[in-house]
Amino acid sequence: MAKIAIMGCGTVGYGVYRTFMMNSETITRRVGERIQVAYALDLREFPGDPIESILTHDFNDILNDPQVSVVVETMGGLHPAYEFTKKCLLAGKSVCTSNKELVAEHGVELRSIAMDMNVNYLFEASCGGGIPIIRVLNSSLTAEEIEEVTGILNGTTNYILTSMTEEGKDFAVALKEAQQKGYAELHPEADVEGWDACRKIAILSSLAYGHHISYKDVHTEGITKVTKEDIEYARLLDCRIKLLATSRRDANGTWVLVAPMMIGKENPLTAVDGVMNAVMVKGNAVGTTMFYGSGAGSLPTASAVCGDVIEAVKYKKTIKTAYTADNMDLISVDEVERPFFVRWKGTKEEAEALFGTLSEIVYLPELDGEIGVITGHLSEKQFKDLIVDVPQVISWYRRGKNEEAEEKED
């Protein structure tokens, strides 16, 4: 029998406990031994709940029990999660976490300690909730040279943008609705400003390319400036606005970006709605693959944590990855070329005089005196230099790449 402990019995931690309880027989059959949740660490009481029988308020109960071989960290935040995780690893206990903030900030150090102690620091649930994307990068796609990782990695922002698109709501109304339904926090900045997606793409990109990418080096923009008029222009262009987290590696270098983008129906990510998440990975042999599922929630995220726990119990040795602590040099997104969508207060001729040939031009009848245009390919620096102090530019978005067109060119 393997004994485990859970640190933090909130939404995800309690979901881990429930999953091991309700699927106990199946898990035992697949693992070959029973996994017992021996401790649940939390500051709160749970009167009348079955978890009460294993509840502790003292971290040392877990740390000092030599029979506890795997610890689940679902506390969230950096402190005391960092200190508790480090002590567990140094005590020879594997740690499985859903804490993307901790993984992004201290993951390199904690993985190094785990390797030195011949245990594991596993974090499948830190990116994409229940989507098993990290395990795929570490195993199924290890023969690939990964060229790109891009996805919708935050359910809150995807829900808001879906609501704005399908119901015509403005941002503030859609955000309030998301909060009322429990999809957004009271203080939603980490989601709506793109910080959550930023941490996740930094983690995924580090695994994909084999070198550490700091979330602090990722150019990040949120969705707070998206308007329902922008959404309507996207609809006219047969596009949708999605908050995409993207990293790409080519002959020019590697860049990482989190920003709202206007993507066309040829891109399967346009069909990812509500709180769902999806990740597309492009390899040089397999081409483009896509992984889709619940990006958040108690049981979907808990399922990913439980998968890590089972892996740690089954293999009882450090699971190797190709991810090194060496920092990867990134090129600036200013160097990346793409088309841009621009809401332009003026005429087509004036827009062409500034941007050159326009690939598409659309009009919203209710917005007299303005147009929406798609520019030709420009580098970010070229585009931003062009629009400095140009009052005719109302708003703009990067136009996501056309997968079908690129495949035809290849």
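How much space lies in the largest cavity? The largest cavity holds about 70 Å³ of space. The structure is a predicted model, in which local features need pLDDT of at least 70 and side-chain atom pairs count only at pLDDT 80 or more, while totals for chains, interfaces and linings use all residues. Residues are numbered from 1 along each chain as its sequence is written, and side-chain values use heavy atoms, with hydrogens and water left out.

The protein chain has 15 helices and 20 strands, both taken as DSSP runs numbered from the N terminus (helices H or I, at least four residues; strands E, at least two). Its radius of gyration, taken over C-alpha atoms, is 23 Å, close to the 22 Å that the globule rule (2.2 Å times the number of residues to the power 0.38) gives for 410 residues, so the chain is as compact as a globular protein of that length. Along the principal axes, the C-alpha atoms fill a box of roughly 75 × 45 × 35 Å. Of the 410 residues, 55% are buried, that is, under 20% relative accessible area with a 1.4 Å probe, protein chains only. Among contacts (heavy atoms within 4.5 Å) with a separation of 6 or more, 72% join residues 24 or more positions apart.

A search of the whole structure finds 3 cavities of 30 Å³ or more. On a 1 Å grid over the protein atoms alone, a cavity is a set of points where a 1.4 Å probe fits but cannot get out; a pocket is an open set with protein on both sides within 12 Å along at least five of seven lines; lining residues have an atom within 4 Å of a point. Grid points are joined across faces, edges and corners, and a volume is the space filled by probe spheres set on the points. The lining of the largest cavity includes Val103, Arg111, Phe123, Ile203, His212 and Tyr323. Helices H5 (100-116) and H10 (195-209) are the elements that give two or more residues to this lining.

The largest pocket has a volume of about 1,300 Å³. Its lining comprises 48 residues, with Thr11, Val12, Lys100, Glu185 and Asp196 nearest the centre. At least two lining residues come from each of H1, H5, H7 (155-167), H9 (189-192), H10 and H12.

In helix H1 (residues 11-22), the buried residues include Val12, Gly13 and Tyr17. The buried residues of H1 pack against strands S1 (2-7), S2 (35-41) and S4 (68-73) and helices H2 (24-31) and H12 (298-315).

Conventions: Expected span 1.5 Å × (residues − 1). Buried < 20%, exposed > 50% of the residue type's maximum accessible area, 1.4 Å probe, protein only.
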